Amino acid sequence: MAHQATEETIQLVKEIFRAYLREGNQRQTPERFMVLEEIYRSDGHFDADDLFFSMKNSGTRVSRATVYNTLDLLVECGLVQRQQFGKNQYYYERSYAYQQHDHLICRECGAVVEFCDPRILEIQKLMEQIHNFTVEAHSLHLFGSCNDKEACDHRKKNGDKIKNLTG
Ligand SMILES: [Zn+2]
Ligand SMILES: [Zn+2]
């Protein structure tokens, strides 16, 4: 699941974002597009500060406020998904041209594993039929702890927030 977006996808999401900003009479600043591009060039889950610092460290001049408000805009227009993994913190991930998946989350160290099982989609379809309902989105988080206690402790001690075990 974890692979970079293609150049084609990046161009496409920029177009979608541009149209969205234009429609809402929002400013189309280069910084906003840099935030979008950074997200689509990276993988997995991140929080707003992770994104801010990774852009800052790579020399991109963008303020924390811009990162935060661009994330809100991207969530609103559906290009980024916001996930809450139990605590008070939100994590984000790109959603366009990214395979539908669900999450296993370790409560000890915060590791996140993405998995994809088509049977979940089958359940969804069945529930739509039974309950005469249209499902537009779903979110499934399974909480627990890593069986590899050593790796889990290591991640916890190092304060690594989110580690994608598959990545
Ligand atoms: Zn995910
Ligand atoms: Zn763990």
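1. The C-alpha trace of the protein chain spans about 50 × 45 × 30 Å along its principal axes.

2. Some housekeeping. This is a predicted model, in which local features need pLDDT of at least 70 and side-chain atom pairs count only at pLDDT 80 or more, while totals for chains, interfaces and linings use all residues. Residues are numbered from 1 along each chain as its sequence is written, and chains are lettered from A and ligands numbered from 1 in the order in which they are written.

3. On secondary structure, the protein chain comes to six helices and five strands. Helices (H or I, at least four residues) and strands (E, at least two) are DSSP runs, numbered from the N terminus. Reading from that end, the order of elements is α-α-α-α-β-β-β-β-α-β-α.

4. Burial comes next. Of the 167 residues in the protein chain, 19% count as buried. The cut-offs use C-beta atoms placed from the backbone: 20 or more others within 10 Å makes a residue buried, 12 or fewer makes it exposed, and anything in between is partly exposed. As for contacts between residues at least 6 apart in sequence, 62% join residues at least 24 apart; a contact here means C-beta atoms, placed from the backbone, within 7 Å.

5. Which residues touch the most other members of the largest nonpolar core? They are L36, L79 and V80, in a core of 18 residues. Helices α1 (7-23), α2 (30-41), α3 (48-57) and α4 (64-76), along with strand β2, each supply at least two residues of this core. The largest share, four residues, comes from α2. There is also a second, separate core of six residues, and C106, A111, V112 and C146 are among them. By definition, a nonpolar core is a set of buried Ala, Val, Leu, Ile, Met, Phe, Trp, Tyr and Cys residues joined through C-beta atoms within 7 Å.

6. V80 and S95 are worth looking at together. Not counting residues up to four places away in sequence, V80 touches I39, L71, L74, V75, Y92, R94 and S95. S95 itself is found in the loop between β2 (90-94) and β3 (102-106). Leaving aside neighbours within four places, S95 is in contact with G78, L79, V80 and Q81. The C-alpha atoms of S95 and L79 are separated by 5.4 Å, although the two residues are 16 apart along the chain. Is S95 buried, exposed or partly exposed? S95 counts as partly exposed because 17 other C-beta atoms lie within 10 Å.

7. Now the sheet. Three strands form an open sheet in the order β4-β3-β5, with mixed pairing. β4 (112-115) and β5 (141-144) stand at the edges with a single partner strand each, so one side of each has no neighbour in the sheet. Ignoring direction, neighbouring strands of this sheet are turned by 20 degrees against each other on average; the axes are lines fitted to C-alpha atoms, for helices over the stretch in contact, and angles run from 0 to 180 degrees between N-to-C directions.

8. For the pairings, the rule is that DSSP must find at least two bridges between two strands. β3 and β4 run antiparallel and are joined by four bridges, with L104 partnered by V113 in β4. β3 and β5 pair in the parallel sense, also over four bridges, and the partner of C106 in β5 is G144. The hairpin of β3 and β4 has five residues between the strands, and G110 takes a positive phi near 85 degrees there.

9. α1 has 17 residues and reaches 25 Å from first C-alpha to last, close to the 24 Å expected at 1.5 Å a residue; the expected span is 1.5 Å times one less than the number of residues. Just after α1, N25 has a positive phi of about 55 degrees. N25 lies in the loop between α1 and α2, and is exposed because 6 other C-beta atoms lie within 10 Å.

10. Helix α5 (residues 118-131) has 14 residues and reaches 20 Å, close to the 20 Å expected. α5 is hardly covered, with a buried count of zero among its 14 residues. Just after α5, N132 takes a positive phi of about 50 degrees, although N132 is not a glycine. N132 sits in the loop between α5 and β5 and counts as exposed, with 6 C-beta neighbours inside 10 Å.

Key
Two residues are in contact if their C-beta atoms, placed from the backbone, lie within 7 Å.
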